[in-house]
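Please keep the structure in view while reading.

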Amino acid sequence: VTITAVDLAAQWREARPPMAGVHLDSAACSRQSFAVIDACAQHARHEAEVGGYVAAEAAEPVLAAGRTAVAALTGAAAADVLFTTGAGNALDILLADWRGPKTVACLPGEFGPNLETMARHGFDVRVLPVDGQGRLDPDAAATDLRADPPGLVHLVVLGSHRGIVQPVEPLSVAARELGVPLVVDAAQGFAHVDCSTFRADAVYTASRKWTAGPRGVGWLATRPGLLTEQTLARLAHAEVSVAGRVGLSVALGEHVAAGPQAVRTRLAEVGARTRAVLDGVAGWRVVEPHAEPTAITTLTAPDGVDPAAVRAWLIAERGIVTTYAGVERAPGEMTAPALRVSPHVDVTDADLDALARALTELP
Ligand SMILES: Cc1ncc(COP(=O)(O)O)c(C=O)c1O
């Protein structure tokens, strides 16, 4: 563990209220900092003091800083960053607006709710080739795309159900050659893996995950011209949580201040440590390669053990928060449910040991 990692962990922990128990659930929802919580509350207070619409105008510089941070971290222009109500909302906006052929290529591990959104908008889904772990095979994918180009390519850079990073750049090269827009779901990838080199046509995420902003907010960054003027105008007048957007902008500022590269390096270390501590404990098995540079670890249960019941028991009896990931999360890839463990930069060996011990004490 490097000095930087120790500093980052300490800073992260001190910046937040203490956790009642052990929080290993950032892939679902990270813990917000005091500064983010206070910024949201301050904005609500300002709405009461000067009026909601006047307060929104006054908050514009903070929101502009948030959009600038997203731009710096994705390669988009700040003017092309829109706030949304979450990751799923961004996909919904994109697909509702799409005027091209309604065919979309994605991976077998596509996020289940995204598949439902694609179906709701009348898209036919086709699957790109992957290896045995569900990682894209870029050469085979390029061949498939050339043989029969879809309307869109949609890639989840880091899964909700499995902590494996997808190679976005080679896919973006292939899609670009064909003039097929590439949309990247970075709900788990942003503030976790490098999203600045994708050269995608659209990238989106949720605030509450690795960015540690408030719930109910997210953003969508597009290349100019991807969204129609009609959609942009509609979104500009939609009713939204300005306080949430202010909180997200503060969280983005905190991420930039912490150092995105330092956060990525630390999260990779955290994942490696998590897997080393948990693999094989009481018959639980880690799905990811141990050195995969992410902090999402999924565990498959020993025979006869139900991860949903284990997740509930861990919260009720040990104060340890993890996620139950059922197969509906990635219906084209998961064959068994999993327990997901996703600590942020501040996790300690004691936290991981507490989970390991708890898994040996299940009723
Ligand atoms: C990969 C992925 N995509 C999309 C989403 C949906 O995000 P939201 O709940 O903000 O719509 C999630 C949330 O878990 C996710 O992990």
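How much space lies in the largest cavity? The answer is about 110 Å³. This is a predicted model, in which local features need pLDDT of at least 70, side-chain atom pairs count only at pLDDT 80 or more, and totals for chains, interfaces and linings use all residues. Residues are numbered from 1 along each chain as its sequence is written, and side-chain values use heavy atoms, with hydrogens and water left out.

A search of the whole structure finds three cavities of 30 Å³ or more. On a 1 Å grid over the protein atoms alone, a cavity is a set of points where a 1.4 Å probe fits but cannot get out, whereas a pocket is an open set with protein on both sides within 12 Å along at least five of seven lines; lining residues have an atom within 4 Å of a point. A volume is the space filled by probe spheres set on the points, which are joined across faces, edges and corners.

The lining of the largest cavity includes Leu-107, Gln-133, Val-156, His-161 and Glu-333. By class, this lining has three nonpolar, six polar and three charged residues; Ala, Val, Leu, Ile, Met, Phe, Trp, Tyr, Cys and Pro count as nonpolar, Asp, Glu, Lys and Arg as charged, and the others, Gly among them, as polar. The second largest cavity, of about 70 Å³, is lined by seven nonpolar residues, no polar residue and one charged residue. Leu-94, Trp-98 and Leu-226 are among them.

Of its 26 lining residues, Leu-235, Ala-236, Ala-238, Val-240 and Arg-245 lie nearest its centre. Its lining divides into 14 nonpolar, six polar and six charged residues.

The ligand, however, sits in the second largest pocket, where more than half of its atoms lie within 2 Å of the grid points. About 250 Å³ of space lies in this pocket, and Phe-111, Ala-187, Gln-188, Arg-208 and Lys-209 are nearest its centre among 20 lining residues.

Around the ligand, with a heavy atom within 4 Å of it, are residues including Phe-111, Val-156 and Asp-185. Oxygen atoms of the ligand lie 2.9 Å from a polar backbone atom of Ala-87, 2.7 Å from a backbone N or O atom of Gly-88 and 2.8 Å from a polar side-chain atom of Lys-209. The protein covers 85% of the 390 Å² of accessible area that the ligand has on its own, as computed by the Shrake-Rupley method with a 1.4 Å probe.

How values were computed:
Polar contact = N/O pair within 3.5 Å; in protein donor to acceptor, adjacent residues only side chain to side chain.
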